[in-house]
Amino acid sequence: MAQALYRKYRPQKLDDVLGQETNVEILKNAAKAGRLGQAYIFYGARGTGKTTTARLIAKLLNCEKRRDDPEFAKLGEPCNECRECLAIDAQNSFDVVEIDAASNRGIDEIRNLKENIRTSPASADHKVYIIDEAHMLTGAAFNALLKTLEEPPKHAAIILATTEFEKLPSTITSRAQRFIFKKLPKATIMEKLTSIAAKEKIKIDEAAIELIAAAAEGSFRDAESLLDQISSLEGAGTDDGKDGAKSKGISLADAERVTGRTGLKKVHEFADLIVKKDIKDALGYLNELNEDGHNLVQFNKDLIHYLRKVLSLKVNPSLKAVMERDLTRDEVAAAIALGVAADIAVLVKMIKALIRAYAEMRYSPFAIVPLEVALVENLS
Ligand SMILES: Nc1ncnc2c1ncn2[C@@H]1O[C@H](COP(=O)(O)OP(=O)(O)OP(=O)(O)O)[C@@H](O)[C@H]1O
Ligand SMILES: [Mg+2]
Ligand SMILES: [Zn+2]
């Protein structure tokens with residue numbers, strides 16, 4: 001089987017870690033000066049670079065070229081070619097141990113860590129322990145870790161990674177350097193997807209890339225997995241072999257099918273009907289979406305988010321910059337125009353009604369009904 005895209009395109013250098021500029025800058029400066037820490041906590045949303053960066057630190061600490069060539073070390077990046085760098089990439093370095101705290105809640109693993117961390121590394125300069133899903137550790141495991149975290153032997157470093165920082169005891173968090181990993185803006189995800197598609201010769205429309213990036217909700221891994229899934233659609237984006245002719249490539253409709261989401265264009269068109277209080281066409285539109293097999297629960301969720309943005313922009317136009325994290329410039333412009341045409345009272349009433357409908361739809365065998373009722377009740 002081909003290697004998953006998200007593994008193939010895992011950043012090999014700090015410079016390739018996108019959207020986490022502050023973290024990259026601090027870590028790179030530390031690496032340049034040869035002053036990397038011994039205890040780190042990486043926390044934040046899924047698929048944003050925590051495990052990736054932890055492995056990069058392991059490489060930075062153990063890269064042979066960095067050790068042997070002071071000029072190279074000043075670049076603050078691993079070489080990715082020496083024995084240690086390659087072993088870490090292949091996840092078979094004796095001295096870099098990844099612990100999954102979710103399995104067995106880490107009890108045996110932390111005990112092993114305590115026993116083994118004192119002995120010198122087998123072949124590398126440092127022993128690096130990466131504890132993933134660290135919030136799953138038991139109280140006893142946390143306690144066992146405390147002393148080691150406070151005073152690790154000179155040759156060791158410990159990196160905790162978690163999506164749930166609040167679940168770590170403060171006794172642990174106060175003993176480590178903490179780095180937050182932010183959700184990625186849609187535009188950043190789109191850039192990486194576009195470059196992967198080019199390298200993999202996947203032919204895909206920009207609108208499809210955009211929908212994948214939106215559906216990933218800030219996670220690079222989700223975005224890359226969706227691209228993987230979509231690129232294996234029957235005939236999509238591949239050479240069909242006949243006279244070197246290409247198939248059409250992956251379209252927005254393909255992306256809608258795989259992500260179960262509807263493109264923002266449809267959400268905008270529907271919101272426009274709401275603003276115009278065009279109940280007749282709105283019901284027609286909804287039925288069409290339903291017939292075409294769109295997930296209406298997801299559609300309603302997207303619609304609520306969108307109307308909220310329209311309302312916020314109407315009330316406070318300076319939110320434009322914030323909105324451009326999730327939306328393209330054109331989309332923000334369209335949302336602003338929609339807000340100008342809209343009545344605040346109607347927007348507020350509709351958002352409330354849609355949220356109520358959402359709660360009812362989620363467990364209903366006829367998701368369309370609560371949505372239709374909400375429209376009829378509030379627009380006529
Ligand atoms: N900041 C980033 N820049 C570029 N690619 C990234 C970034 N973050 C994640 N990726 C991509 O997503 C994949 C998964 O990232 P990673 O394993 O580091 O996520 P994570 O933050 O540890 O997520 P989780 O909390 O789910 O463990 C990487 O292999 C890489 O392809
Ligand atoms: Mg991870
Ligand atoms: Zn190296």
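Begin by selecting Ala359, which is found in helix H19, residues 344–361; helices are DSSP runs (H or I) of at least four residues, numbered from the N terminus. The model is predicted: local features need pLDDT of at least 70, side-chain atom pairs count only at pLDDT 80 or more, and totals for chains, interfaces and linings use all residues. Residues are numbered from 1 along each chain as its sequence is written, while chains are lettered from A and ligands numbered from 1 in the order in which they are written.

Is Ala359 buried or exposed? Ala359 is exposed, because 10 other C-beta atoms lie within 10 Å (12 or fewer is exposed, 20 or more is buried, and partly exposed lies in between, with C-beta atoms placed from the backbone).

Next, select Leu193, Ile212, Ala213, Ala223, Leu227, Ala271 and Val310, which touch the most other members of the largest nonpolar core, a set of 56 residues. Such a core consists of buried Ala, Val, Leu, Ile, Met, Phe, Trp, Tyr and Cys residues joined through C-beta atoms within 7 Å. Helix H16 (residues 296–315) gives this core its largest share, eight residues.

Finally, select ligand 1. Its surroundings comprise 23 residues, of which Arg10, Gly49, Thr51, Thr52 and Phe220 are the closest; a residue counts if its C-beta atom, placed from the backbone, lies within 6 Å. Helix H1 (5–8), helix H3 (50–62) and helix H12 (220–231) are the elements that each give two or more residues to this shell.
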